[in-house]
Amino acid sequence: MSDEAQLLVRLDRVTRTYADGSSTVVALAETTMDIPAGRLVTVMGPSGSGKSTLLSLIGGLDVPTAGRVTVLGRDVAALSPVEQARLRRRVVGYVFQDLNLLPGLTAEENVALPLELDGASYRSAATAAREALARVGLAGKESRFPAQLSGGEQQRVAVARALVGGRRVILADEPTGALDSATGRAVIELLRRFCDTGGSCVMVTHNPAHAEVADIVVRLRDGVVTEVEHRTNQRVGVPGRTA
Ligand SMILES: Nc1ncnc2c1ncn2[C@@H]1O[C@H](COP(=O)(O)OP(=O)(O)O)[C@@H](O)[C@H]1O
Ligand SMILES: [Mg+2]
């Protein structure tokens, strides 16, 4: 694999501003960051500090006012709308705090959806969805509707939907916010395992305990990165980790 492909995400002096009447809100200022394959990044900071803006920019849901975001070596802002949509369906997956599963679809159908939107056959999408559900520990529960699953199980379905189809990057915005700490911990372990198998994850969290499994801890305040802590002891076999 080329160095460029190993470097899944790169932010180069990325700024995002919003016009607010006559003044300007700087949601994210001059942020530079490299996220190689295999790394789990946690982003912490007070409300309004730019955490969700950072994820939206990496995921191609938003484009910078200045600077450049590259995913797998490609400038996200330079992609056509069709290519941006393809990036979201094939390369980057999202997990949100809100249970955003479609209630009328089974777990398997929810997970298969991004693949079907991307043109996969029903059969191949269903097979990949079952594999992804097995990967998050939900084998046997494929036919359940979201309401028939616990909150933690629903969040696992959301993780399966974010990684299905061989996606490389998962963006998670407070994915454990609605869960109790043990269940939240299980979701974090899934994201850690995704990174240990070559993916990258950028996770917004308010829980300092979640930084324990991170390789890189980023702290934001008022749109400015105030601290980037590289942790070196998180590869494999860390005592106390259940994975
Ligand atoms: N669509 C928008 N229009 C105007 N201002 C926005 C918009 N999105 C975010 N902001 C502003 O940018 C700043 C950062 O927001 P956000 O990234 O959502 O912060 P966080 O996720 O850390 O709470 C906030 O001041 C917010 O009000
Ligand atoms: Mg936010």
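Which residues in H4 meet which residues in H6? Select helix H4 (residues 107-117) and helix H6 (residues 151-163) to find out. Ala107, Asn110, Val111 and Pro114 of H4 meet Val157, Ala160 and Arg161 of H6. Contact here means heavy atoms within 4.5 Å. Helices (H or I, at least four residues) are DSSP runs, numbered from the N terminus.

This is a predicted model, in which local features need pLDDT of at least 70, side-chain atom pairs count only at pLDDT 80 or more, and totals for chains, interfaces and linings use all residues. Residues are numbered from 1 along each chain as its sequence is written, chains are lettered from A and ligands numbered from 1 in the order in which they are written, and side-chain values use heavy atoms, with hydrogens and water left out.

**H4 against H6**

Stay on this pair. H4 and H6 pack at an angle of about 25 degrees, their axes 8 Å apart. Axes are lines fitted to C-alpha atoms, for helices over the stretch in contact, and angles run from 0 to 180 degrees between N-to-C directions. The two helices are therefore roughly parallel (under 35 degrees; over 145 is roughly antiparallel, 65 to 115 roughly perpendicular, the rest oblique). Their crossing is right-handed, meaning that the near helix is turned clockwise from the far one by less than a right angle. By class, this contact has five nonpolar, one polar and one charged residues.

**H4 against H5**

H4 passes H5 in a right-handed crossing. On the H4 side, pick out Ala107, Glu108, Val111, Ala112, Leu115 and Glu116. Their partners in H5 include Tyr122, Ala125, Arg130 and Leu133. The residues of this contact divide into eleven nonpolar, no polar and three charged.

**H5 against H6**

Now hide H4. H5 and H6 pack at about 130 degrees, axes 9 Å apart. H5 and H6 are therefore oblique to each other. Ala132, Leu133 and Arg135 of H5 make the contact with Val157, Ala160 and Leu163 of H6. Five of these residues are nonpolar, none polar and one charged.

**Ligand 1**

Finally, centre on ligand 1. Residues around ligand 1 (a heavy atom within 4 Å) include Tyr18, Val25, Pro46, Gly48 and Lys51. A polar side-chain atom of Lys51 lies 2.8 Å from a ligand 1 oxygen. A polar backbone atom of Ser52 is 2.9 Å from an oxygen of ligand 1. For Thr53, a side-chain N or O atom sits 2.6 Å from an oxygen of ligand 1.

Key: Ala, Val, Leu, Ile, Met, Phe, Trp, Tyr, Cys and Pro count as nonpolar, Asp, Glu, Lys and Arg as charged, and the others, Gly among them, as polar. A polar contact is a pair of N or O atoms within 3.5 Å; within protein, one must be able to donate a hydrogen and the other to accept it, and residues adjacent in sequence count only if both atoms are side-chain atoms.
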